[in-house]
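Please open the model in your viewer and keep the sequence panel beside it.

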Amino acid sequence: MFALDSQFVREKLHSPASPRPQALLTYVCAPIASIMSEFRDWAGLPDGLLHSVITLLGSFPDLLTFAATCRSWRAAFSSFPSKSTFYTLFPPLLLQPNVPFCSPRPFPNVARNTFVPKRPCYVTDLASQDTLLCSHIPLLSIGYGNNCPPNALDKFAFRGASFGHMIFSWNRSCFVFDVFTGINVSPPLLPVDEYTEIYYGAALTAPLSSPNSHLIVSTASSNFFWHVGSNSWLKRSPRSGTLDKFVVFKGQVYGMGSDRRLFMVHLTPQIRLQKIPVSWGGRNSMTKWHFSTPWQVVCGDMLLMVGCQNCFPGTGDVFEAYRLDTSTEPAKWVKVEKLENWAIFISMDERVQPLSCMNPERWGGRSNCVYCYDSGHLVVFELGKPLQGDAIKPDVFIFICCGSMVQPIWMVPSMFSLC
């Protein structure tokens, strides 16, 4: 199931065989391996010791590798009491889909129980920048030229990503693809006519494995909700317009429309949209159209709106952040001068949910910064300060898009995305 991670282990151990528990334990935690050297049955190590090893791992690939080593180690990982907090401890992984079909580098096979044809994709881990991992993403023919073979996804297009999954659609059909396992699900056909397109975005409210996970898709006039595993969609929309950006904060789903209206999305006992009145302007508060492209992101106990005034951030532009303050009636967005020990990661596709990381200095990153990616280069904006060019790249221009193809995006594996 975790083919990507097994490849990572093989590269680390310089062995074509499957990862061996003893070798992996020595690699990630030599002191404990020395203490436990009398153990011959490495797959039978007690959960308490394995949990101690988990706390010493330094990146998502290391954690995935641990879980992929053997069945008993995966069970120990599954029983780890606070694994859902890992998603803020490490930087998200950067997926770069521009990998040539004829690349000489071998790529591992992902899960076999899937009908989706795939193409290779690079995965960069900032916590160990010398490591370039490989994964697969669905093979879409749009934009790949004559080298792309015909397949069942010829008319499908990328619509969004969240919780380690990519979402694709064409006409009334859509499917959700887990990037790191290859597992996919297909909801029932949307109850719309053949001319309706899911263009304005799609998002999950939780990983597919969560009991109350919903897929939300946005058309020009409506929002549709699919409770994962059910056989029907529900239509719920504000009276005017639709919601096209979603974020989960303290277990509650929030949605925002292109007109900046904010709603709380109640999923139980039935789907209901509750408008949150927000005042705009005033001291230390922003006006409704202050940001060209606003993103919602969670940093600890803060729900932030982040963005800059330029459509395409670049040299000389400034990222700012505003915190939702619900202590007043109506609520308001209050300016945040510093992110303190947080960093934010914004993808090139505006439909992809931004991610955050706590204490980025532990892997060589910087707090109070917004990370973007531009044409092979990592671009770091310090909050509230204009971006300065350098000798290597004096002019930065980050193209924020909303197209059909998969752009470089930040993601966290679904197994760490629980809120």
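This is a predicted model: local features need pLDDT of at least 70, side-chain atom pairs count only at pLDDT 80 or more; totals for chains, interfaces and linings use all residues.

Residues are numbered from 1 along each chain as its sequence is written, and side-chain values use heavy atoms, with hydrogens and water left out.

Now select Asp244, Lys245, Phe246, Arg351 and Gln353, which lie nearest the centre of the largest cavity among the 13 residues that line it, lining residues being those with an atom within 4 Å of a point. Strand 8 (202-204), strand 12 (243-249) and strand 17 each give two or more residues to this lining, and strand 12 gives the most, with three; strands are DSSP runs of E with at least two residues, helices are runs of H or I with at least four, and both are numbered from the N terminus. The lining divides into six nonpolar, three polar and four charged residues, with Asp, Glu, Lys and Arg counted as charged, Ala, Val, Leu, Ile, Met, Phe, Trp, Tyr, Cys and Pro as nonpolar, and the others, Gly among them, as polar.

Thr293 is buried, with a relative accessible area of 10%, buried meaning under 20% with a 1.4 Å probe and protein chains only. Leaving aside residues up to four places away in sequence, Thr293 touches Val306, Gly307, Cys308, Cys311 and Glu350, a contact being heavy atoms within 4.5 Å.

Then select Trp333 in strand 20 (residues 331-336), which is buried with a relative accessible area of 1%. Beyond four places in sequence, its contacts include Leu262, Trp280, Tyr322 and Met286; the C-alpha atoms of Trp333 and Met286 are separated by 6.4 Å, although the two residues are 47 apart along the chain.

Finish at residues 42-77, which an unreviewed UniProt entry annotates as "domain: F-box"; such positions follow the numbering used here, feature names are shortened, and annotations may be inferred rather than shown by experiment. This stretch is 75% helix and 0% strand, with its end C-alpha atoms 15 Å apart. In helix 5 (residues 60-69), nine of the ten residues are buried, so the helix is largely enclosed by the rest of the structure; Phe60, Leu63 and Phe66 are among them.

Conventions: Buried means under 20% relative accessible area, exposed over 50%, partly exposed in between (1.4 Å probe, protein chains only). On a 1 Å grid over the protein atoms alone, a cavity is a set of points where a 1.4 Å probe fits but cannot get out, and a pocket is an open set with protein on both sides within 12 Å along at least five of seven lines; lining residues have an atom within 4 Å of a point.
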